[in-house]
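User: I would like to learn how to read backbone, sheet and whole-chain features in a model. Please go through them one at a time.

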Amino acid sequence: MAAVLTLAGCTATPQPAPSAPESTSPPPSKLEGIPVDYIGFRLVMSTSPPSMLDPATGVTTPLPGAPAGDRVNDVVRVGKFPVVLSAARCGPGCVEPSEVLAYGDPKNQPWKLGKARSVAPSADETGVWLIRDDGNDLCRLQFVSLLGAERDRGRPASCTTAVRQEVPQGLLITVNAGTATAEDVLIDPATGRAVHQFPRILGITKERMLLAELTEFSVFDLRNNQRVPVRWPVANGKPGQVVPSRDGYKVAVLFGDPAWAGTSTQTADLWVLALDTLTWTRAPSMPIATALKQVAVEWSEDGDLVLVTDVVASWRLDRPQWTIVKTPLPAERNPSAVAVAQG
C-alpha cells in the first residue's frame with residue numbers, strides 16, 4: 001500500500017478503565033430464551049450458494065444472481081444492504097478474486113461491482129472500497145458505488161493489503177494481511193498517508209477503535225487520541241468476532257473456548273462493551289456449547305443484538321432474555337450473516 005506508516009498525534013498515558021464484572025460461568029448449555037414465531041428480520045447468509053433465511057417461515061432461498069457451485073462465499077453489510085463476495089477455488093487453499101454483488105433487495109437481482117480481493121464499506125454507506133487486480137501482480141484501491149459506478153481509476157496498492165472499514169477519519173486496512181508481519185493502519189484513502197497504526201485493530205466506529213493488547217483491550221478515541229485500557233471480562237477463551245453496533249456506541253465481542261474445562265466441548269461467550277463508559281454486559285444464557293465456526297453475530301436495524309447458533313436469536317440490551325426462533329438452519333455455512341428488515 002502506498003502509505004507512509006507514521007503515527008499522527010500522540011498516545012495518551014493509559015488511565016484505569018472501570019473494572020469488568022467477574023466471570024462466574026455456569027456449565028455450558030444451549031441458548032435459552034423466549035420462543036417466538038416472528039423476529040422482525042431476515043438473514044443473508046454465507047452459504048454455498050449465498051442464501052436468505054426467513055426465520056419466520058424457516059425457508060432458505062438462494063440469492064438471485066449469486067454464483068452456484070463449490071465457492072468460498074462471504075457477506076458484509078454496507079449501511080442497510082448486504083454485499084456478497086463469491087470466489088472460485090483455484091486449488092487447495094487458493095481462491096480467485098471474489099465477484100462482488102450488492103443487493104438492494106435480496107429478492108431481486110444484484111448490482112455487479114466486478115471482482116476484488118477484499119471489500120470494505122464506505123463511511124457514507126453509499127459504496128465500497130475494493131482492492132482490485134491490475135495485471136502483472138499489481139493491484140489498486142478503488143471506490144465503487146453500490147450501483148456499480150466507479151469514482152475514478154483509484155490508486156496503486158499492494159495485493160496483500162486487505163481493506164476493512166471506512167470511517168470519517170480514514171480507511172482501515174491491514175498491510176501484509178494473513179502473514180506474521182500484518183499491521184493494521186488507518187489511512188487517508190485519497191493520499192495513502194497513515195493516520196494511525198497499531199499491530200491489531202479489532203474494530204472501528206466513527207469515533208473509537210478497539211485495540212488488541214497482549215492480555216487485554218484498549219479503546220482509542222479518534223477525537224482526541226486518548227487510549228484507555230480495558231480488561232477482558234473472562235478468564236477463559238480468546239476474543240474472536242468483534243462487531244460494532246450500527247449506531248457505533250457499543251461493540252459485541254465473542255469469546256470462544258475450543259476446549260471448555262479441558263474437554264472437547266466448544267463454547268461461545270458473548271459480551272457487549274459500551275464504548276462511552278467502558279463497561280461490559282454479558283449476554284443472557286452465556287456461555288453456550290456450540291460449534292464456533294458456525295456462530296454468527298450481527299446487529300439488527302432496530303439495535304438488537306443478533307446471534308445465530310443452532311437457533312436464530314435477538315436480544316435488546318435492556319431485557320433479561322433472548323427472543324428465539326427455532327428454525328432450520330443450513331448445515332454448511334460460514335460465521336457471517338447480515339440482518340435485513342422483514343420485507
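Analyst: Start with Pro 49, which sits in the loop between strand S2 (41-45) and strand S3 (51-54). Strands here are DSSP runs of E with at least two residues, helices are runs of H or I with at least four, and both are numbered from the N terminus. The model is predicted, so local features need pLDDT of at least 70 and side-chain atom pairs pLDDT 80 or more, while totals for chains, interfaces and linings use all residues. Residues are numbered from 1 along each chain as its sequence is written, and side-chain values use heavy atoms, leaving out hydrogens and water.

User: What kind of peptide bond joins Ser 48 and Pro 49?

Analyst: Most peptide bonds are trans. The bond between Ser 48 and Pro 49 is cis, with omega about 0°. The bond from Met 286 to Pro 287 is also cis, omega being near 0°. Pro 287 lies in the loop between strand S25 (279-282) and strand S26 (288-289).

User: Is Ala 261 buried or exposed?

Analyst: The classes rest on relative accessible area with a 1.4 Å probe and protein chains only: buried is under 20%, exposed is over 50%, and partly exposed lies in between. Ala 261 counts as exposed because its relative accessibility is 59%. Asn 225, at 15%, counts as buried.

User: In what order do the strands of the open sheet with S20 and S21 run?

Analyst: Strands of a sheet pair through backbone hydrogen bonds, either parallel or antiparallel. Two strands are called paired if DSSP finds at least two bridges between them. The open sheet has 4 strands in the order S18-S19-S20-S21, with antiparallel pairing. Its edge strands are S18 (201-204) and S21, each pairing on one side only. Neighbouring strands in this sheet are turned by 20° against each other on average, direction ignored; axes are lines fitted to C-alpha atoms (for helices over the stretch in contact), and angles run from 0 to 180 degrees between N-to-C directions. The antiparallel strands S20 and S21 are joined by 5 bridges, and Val 219 has Val 228 in S21 as its bridge partner.

User: Which residues does Val 312 touch?

Analyst: A contact means heavy atoms within 4.5 Å. Leaving aside residues up to four places away in sequence, Val 312 touches several residues, including Phe 41, Leu 43, Leu 53 and Val 325. Val 312 is in strand S29 (residues 312-315) and counts as buried because its relative accessibility is 0%.

User: What is the radius of gyration of the whole protein?

Analyst: The radius is taken over C-alpha atoms, and the globule rule is 2.2 Å times the number of residues to the power 0.38. The protein has 20 Å, which agrees with the value near 20 Å for a compact globule of 343 residues. The protein contains 0 helices and 31 strands, and 49% of its residues count as buried. Among contacts with a separation of 6 or more, 47% link residues 24 or more positions apart.
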